[in-house]
Amino acid sequence: MEKPVLYHNDMSVCSAKVRMALAEKHIIWEEVHLDIRAGDAQKPEYVKLNPNQVVPTLVHHGMPIIESNIICEFIEDHWPSTALRPAASSERAVMRLWMKQLDDGMHAATGVVSTCVAFRHQHLARKPEDYQAWLANMVDTARRERLRSCVEQGLDSPFFIDAVKRFNKLIADFETALEKGPWLAGPDLSLADIAYAPYMLRLQHLGLDEMFIHRPRVSDWAKRLMARPAFEEGISKWVNPNYLLIFNRESQAARAKVKNILSHLADHPNN
Ligand SMILES: N[C@@H](CCC(=O)N[C@@H](CS)C(=O)NCC(=O)O)C(=O)O
């Protein structure tokens, strides 16, 4: 049988959630790995598959499917055994609301914190003309200006504070939702939990786990997620050691900055 082909990137959170969904269902896939720092996602042959110039794209029987949440739902529709969508329609609505939040700002906030803390150093190490060309070729102009600020201003970018506040709110909302639990959309693991799994790892990598280590239910949920074999198969085994070097080098300064931001927020459990 023809295997699905995933166009992805090892460290991309959106690719990672799709890989974890595929791993939960034991689906065998083929890969095309894109070097997004080198602008592979902007190349004309890839833009034909994904006009948004981003990974992932899943090609199934010649049909490109884009947008990681939609890809996850496609995977669930096409390979329904090992259900990752709750049976109850009310819980499905809850699952989809969590996933929607990623598209409604949480994914952009992750790009901000990742770039301000770590990825900026990769961009700053490039030839200035390559960095400028990467920015200039970006179709989403709001994203371009946000990333420019993150690369050039780092932890002092005005986008950083807002992104940390947004994450703090999300994590407080997780803590409340997990009172019922044990998973985000009810009694069983769903695409909502899988969708956030790589983001929780990213917070850890960046030294921003300060935001959830004092939230007992979120910490326990993150541990349960990360202990799943599909987390290892779809996420941990892809972690690029070159990125880990940068994360380890930069996370201490980020942790201090985040602690400072959180200390001014009324709804943080440290207060
Ligand atoms: N809404 C999209 C967002 C995809 C996205 O932003 N992907 C990032 C990696 S996680 C990317 O490809 N960035 C390209 C770049 O940095 O040039 C989805 O969920 O698939």
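The model is predicted, so local features need pLDDT of at least 70 and side-chain atom pairs count only at pLDDT 80 or more, while totals for chains, interfaces and linings use all residues. Residues are numbered from 1 along each chain as its sequence is written, and side-chain values use heavy atoms, leaving out hydrogens and water.

**The cavity**
- On a 1 Å grid over the protein atoms alone, a cavity is a set of points where a 1.4 Å probe fits but cannot get out, and lining residues have an atom within 4 Å of a point.
- The count comes to 1 cavity of 30 Å³ or more, and the largest cavity has a volume of about 100 Å³.
- Of the 13 lining residues, M11, L201, R202, I235 and V239 are the closest to its centre.
- α8 gives the most to this lining, with 4 residues.

**The nonpolar cores**
- A nonpolar core is a set of buried Ala, Val, Leu, Ile, Met, Phe, Trp, Tyr and Cys residues joined through side-chain atoms within 4.5 Å, where buried means under 20% relative accessible area (1.4 Å probe, protein chains only).
- The largest one has 75 residues, and I75, F174, Y196, M211 and W221 have the most contacts inside it.
- Its largest share, 12 residues, comes from α4.
- Apart from it lies another core of 6 residues, including Y131 and M138.

Terms used: 1 Å grid on protein atoms, 1.4 Å probe; cavity = no way out; pocket = protein on both sides within 12 Å on 5 of 7 lines; lining within 4 Å. Points joined across faces, edges and corners; volume = space filled by probe spheres on them. Helix = DSSP H or I, 4+ residues; strand = E, 2+ residues; numbered from the N terminus. Buried < 20%, exposed > 50% of the residue type's maximum accessible area, 1.4 Å probe, protein only.
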